[in-house]
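The report that follows is meant for someone meeting this structure for the first time.

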Amino acid sequence: MRINPAYYFLAPAFMGLSVFKIFPIGVAIVGSFYGTTLIGESVFRGLDNYLSIFGDLDLLRSFGITLLFNLIANPLQIVLSLMVALLVFRPGPLIGLFRSVLFLPVTLSLVLTALIWNLLLDPYLGPVNAVLDAVGIGRQGFFKDEAQALGSMVWLTTWRGVGYWMLFMLAGLYAIPESLYEAAKIDGASWWQRFRHVTLPLMRRPIAFVLVASTAINMLFFAPVYVITAGGPNGATDFVMFRIYQAAFNYIDVGRSLAMSTVMLVVVLAVAIVELWLMRSED
Amino acid sequence: MRSRTSAALLPVARYTLLIVLAMIILAPIVWVAISSVRPPEEIFLYSPKLSWRTFIPETFTWENYRLLWESDFPRAVTNTLFVAFATVALGILICSAAGFAFAVFDFPFKNTLFVVVIITFIMPFEAIVVPLYVMVRDLNWNDTYFALVMPEVASGFIIFLFRQFFTKVSKELFEAARVDGASWWRIYWDVAMPLSWPTVVAAALMMFIHQWDAFFWPLVAATSPDLTMVQVAIARYLQFEQADFGRLFAAMTVASFLAILPFMALQRYYIRTIVDSGIK
């Protein structure tokens, strides 16, 4: 029997995906039923890890914070990236340059973005507070203020994310036939009507893509929490992913960490499915 | 009359908004670069109270860069460049081959396998960091370049981009080569790959920046000082050497610009590849 040549081309990539992307999911599921004793022995715990997760009020609060962060940051990034894409969509002098600049934060790592904004927004040393002080608004705590820390995280991820999502919005805008706009113009449609009845309905797919992709990233928001707040102040930025990290590497309770990872995988998948269902075409 | 005024105002509003947005993006990066050429004690000296000195250095110095050069940072840069180039070389090869297979051949389970590719590209890497770490540790792969490179080589997104590109190449081109007696390997290597160079450039850029910016995985998988990657090194500067702001700013500038420069040179391929990929 001849083997289909396709499988030779696929084999290396699928070996990589299976070992490093799919197999770890199995490791997470299996490991979530185990725990480690004080002397390092692995013991079967059944559903204990899951029961302790769902009975842990602090952890449920973490889920709440992570969810709230997503409910603010993702729609905000979608609206802003669509607006910015509309600003650089039509050609014009220097528009290419502006597009590059807006896209620039994509190259900056989340760690660098976090370090830079942590220093810029420092309550005592940060130049942003110097400006706010000088214009009479007064100094803010930002990441050091319990009420502002989560909002500052939203600002950070939005600052870095909008340029990237803009690219997918631009891809969608380019795919809309120019003739539709011209027809709408001839019918006397205003700028807003053209946006509302031509652009928006045809942008359903890129918006759905950005929604799903940004949710997948922001449900597991980690690096800035590790670098800036370590979950503080007073638990205000206690994201789930930071707890997963702590459980595995600070408290050496790998079983519990894997149970949380498994729950988050299911949650991300479920949220993605719900989002795709909500964004489905009406026709 | 009214519509003519608003038509004249529209470009003004457009460019005003763009200038404001560009400043919000550029100001932090410029601030870091400027601060990196100030003496360490001057960096935050003038920033609590607003004056021209908050943004313009009084004294210009390369001292921070000299100290950075003598630290363990060059080692981190070399490590990261090695890991990034290895990932790019292997990743382009195996992802383009898989993309070629999805675009050109019909085979059983094609759709199922493609769904697997899509799932791995939607699934956030953070979600599997801990189980991947457990696996790598149990196989004694932790603290090796292998552990830093291999998990990033097969990428669902890059496979997807190559598949989208090869799907658009005319099938007749491949069939003509087939009639001439070329093997599929020849067709892939001599016909398909040379055509796909813009996708190769974009994918290489994405993989390079991805590894250059990697943090969470190197943080847990490679704790040995010999294997420190750039982002982890910088995060440590802040945590352990709070006072050494000069070196921190120099390191942040180097880390930013080594990602920004290749990106600036090659970004049009990046943009074109995503725009053409049909994620819309």
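Which residues have the most contacts inside the largest nonpolar core, and how many residues does that core have? In this predicted model, the core has 175 residues, and those with the most contacts inside it are M166(A), F222(A) and I234(B). Domain 1 and domain 2 of chain B both give residues to this core, so the core lies between them. I234(B) can be followed in detail: when its neighbours within four places in sequence are left aside, I234(B) is in contact with V111(A), L112(A) and L115(A) from chain A, and with A251(B), M252(B) and A255(B) from its own chain.

**The two chains together**

The contact between the chains takes 74 residues from chain A and 67 residues from chain B. On the side of chain A that touches chain B, helix 1 (residues 5-31) of chain A gives the most, with 17 residues. That side of chain A divides into 61 nonpolar, ten polar and three charged residues.

**Chain A**

The secondary structure of chain A comes to 13 helices and two strands, and its C-alpha trace spans about 75 × 75 × 35 Å along its principal axes. Of the 283 residues of chain A, 45% count as buried. Among the contacts in chain A between residues at least 6 apart in sequence, 68% join residues at least 24 apart.

Helix 12 (residues 240-249) of chain A deserves a separate look. Eight of its ten residues are buried, so this helix is largely enclosed by the rest of the structure. The buried residues are V240(A), M241(A), F242(A), R243(A), I244(A), Y245(A), A247(A) and A248(A). What do the buried residues of helix 12 of chain A pack against? They pack against helix 3 (57-89), helix 11 (223-229) and helix 13 (254-278) of chain A, together with helix 6 (129-138) of chain B.

**The domains of chain B**

Chain B is divided into domain 1, covering 2-62, and domain 2, covering 71-276, and the C-alpha centres of these two domains of chain B lie 33 Å apart. The contact between them takes nine residues from domain 1 of chain B and eight residues from domain 2 of chain B. On the side of domain 1 that touches domain 2, the elements that give two or more residues are helix 1 (2-35) and helix 2 (40-43) of chain B, and helix 1 of chain B gives the most, with four residues. The residues of that side of domain 1 of chain B divide into seven nonpolar, two polar and no charged.

Most residues other than glycine have a negative phi, and most peptide bonds are trans. Against that background, A230(A) has a positive phi although it is a residue other than glycine, and D143(B), which is not a glycine, has a positive phi as well.

Definitions and conventions:
Residues numbered from 1 in each chain as written. Chains lettered and ligands numbered in written order. Predicted model: local features only at pLDDT ≥ 70, side-chain atom pairs only at ≥ 80, totals over all residues. Domains from an automatic or database assignment. Contact = placed C-beta atoms within 7 Å. Nonpolar A, V, L, I, M, F, W, Y, C, P; charged D, E, K, R; others polar. Buried ≥ 20, exposed ≤ 12 C-beta atoms within 10 Å, placed from the backbone. Core = buried A, V, L, I, M, F, W, Y, C linked by C-beta atoms within 7 Å.
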